[in-house]
Amino acid sequence: MPQGLSGLSDQTFESLVLDAGAAYFNIDLTALENAGSDMETAIENAIANAIPLGATRGGASFTTGRELREVEADGQLGPTKGLMRRTAVRPALTVNLLEQTIDNIRRQFPGAVVSPAGAFQKITGGPITGDTYVDNVALITTYGEEGKFIVFVVENALVLESPEFATEDKSEVATEVTFVGCFSGVGAAEPWRVYVPPATSS
């Protein structure tokens, strides 16, 4: 590489996604989109009635789960514009839950119900219904600088694979939980969103 060439610039820091962030159930997407240009107010309004997942360990990961397939034809030398098909969309948000509240444990087993059982709350399995799906699960973290955020959202979320509760001496249980976004119906929009601050004018 020629001397002095680098991707770094004075604006690099403005586009870095920082830290582990915090995850929430059911943020208010309408409030997030309609709060005007004040980003902190938008986030505050969006999470005002949301349910925090609580403490996590090891951060989180988001994927749109989009798969594209190349349509192949005789004589084709390689990937060709117009011959790509979207074949799957499986958005997912994975978190390592350290805080095992009753609500967090219940949501890790779709369809599970909670009932009183003497000195305990009993969690048992049940059928998957429309109410089983979480409207959305969102990860909110810092984007570039204080006061700016990036928001990853998975909609109509469900934990499709039950996590493992593995105990270890002198440690704490942290379950890896993957919330998968589900289409709301045939032909519906892909069940994920990413909210990114607009680029700053130079």
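## Model and conventions

This is a predicted model: local features need pLDDT of at least 70, side-chain atom pairs count only at pLDDT 80 or more, and totals for chains, interfaces and linings use all residues. Residues are numbered from 1 along each chain as its sequence is written, and side-chain values use heavy atoms, with hydrogens and water left out.

Helices (H or I, at least four residues) and strands (E, at least two) are DSSP runs, numbered from the N terminus. Buried means under 20% relative accessible area, exposed means over 50%, and partly exposed lies in between (1.4 Å probe, protein chains only).

## Nonpolar core

A nonpolar core is a set of buried Ala, Val, Leu, Ile, Met, Phe, Trp, Tyr and Cys residues joined through side-chain atoms within 4.5 Å. The largest one here has 17 residues. Leu53, Val95, Val137 and Phe179 touch the most other members. At least two residues of this core come from each of E1, strand E6 (92–97), strand E9 (134–143), E10 and strand E11 (175–181). E10 gives the largest share, 5 residues.

In soluble globular proteins, nonpolar side chains tend to be buried together.

## Salt bridges

A salt bridge is a side-chain nitrogen of Lys or Arg within 4 Å of a carboxyl oxygen of Asp or Glu. The count by this rule is 8. One of them pairs arginine 86 with glutamate 190, at 2.5 Å from N to O. Arginine 86 sits in strand E5 (residues 84–89) and glutamate 190 in the loop between E11 and strand E12 (192–195), so the pair ties together parts that are 104 residues apart in sequence. Glutamate 190 counts as buried because its relative accessibility is 14%.

Glutamate 155 and arginine 193 form another salt bridge, with the closest N and O atoms 3.2 Å apart. Glutamate 155 belongs to strand E10 and arginine 193 to strand E12, so this pair links parts that are 38 residues apart in sequence. Glutamate 155 is buried at 16% relative accessible area. Arginine 193 is partly exposed at 28%. Salt bridges that share partners join Glu33, Glu155 and Arg193 into one network. A further salt bridge joins the side chains of glutamate 145 and lysine 148, at 3.5 Å from N to O. Glutamate 145 is partly exposed at 36%, whereas lysine 148 is buried at 18%.

## Negative surface patch

Asp38, Glu40, Glu44 and Glu146 form a negative surface patch. Patch residues have over 30% relative accessible area and no salt bridge, and like charges are joined within 9 Å. Aspartate 38 lies in the loop between H1 and helix H2 (39–47). Its relative accessibility is 40%, so aspartate 38 counts as partly exposed.

## Positive phi angles

Most residues other than glycine have a negative phi. Asparagine 26 has a positive phi of about 60 degrees. This residue is in the loop between strand E1 (17–25) and helix H1 (29–33). Asparagine 26 is partly exposed, at 26% relative accessibility.

Asparagine 156 also has a positive phi, near 50 degrees. Asparagine 156 is placed in strand E10 (residues 149–159). With 25% relative accessibility, asparagine 156 counts as partly exposed.

Note on methods. Patch = residues over 30% accessible without salt bridge, like charges linked within 9 Å, V, L, I, M, F, W, Y side chains within 5 Å. Areas by Shrake-Rupley, 256 points an atom, 1.4 Å probe, with all protein chains shown as cover. Lys, Arg positive; Asp, Glu negative; His and termini not counted. Charge placed at Lys NZ, Arg CZ, Asp CG, Glu CD.
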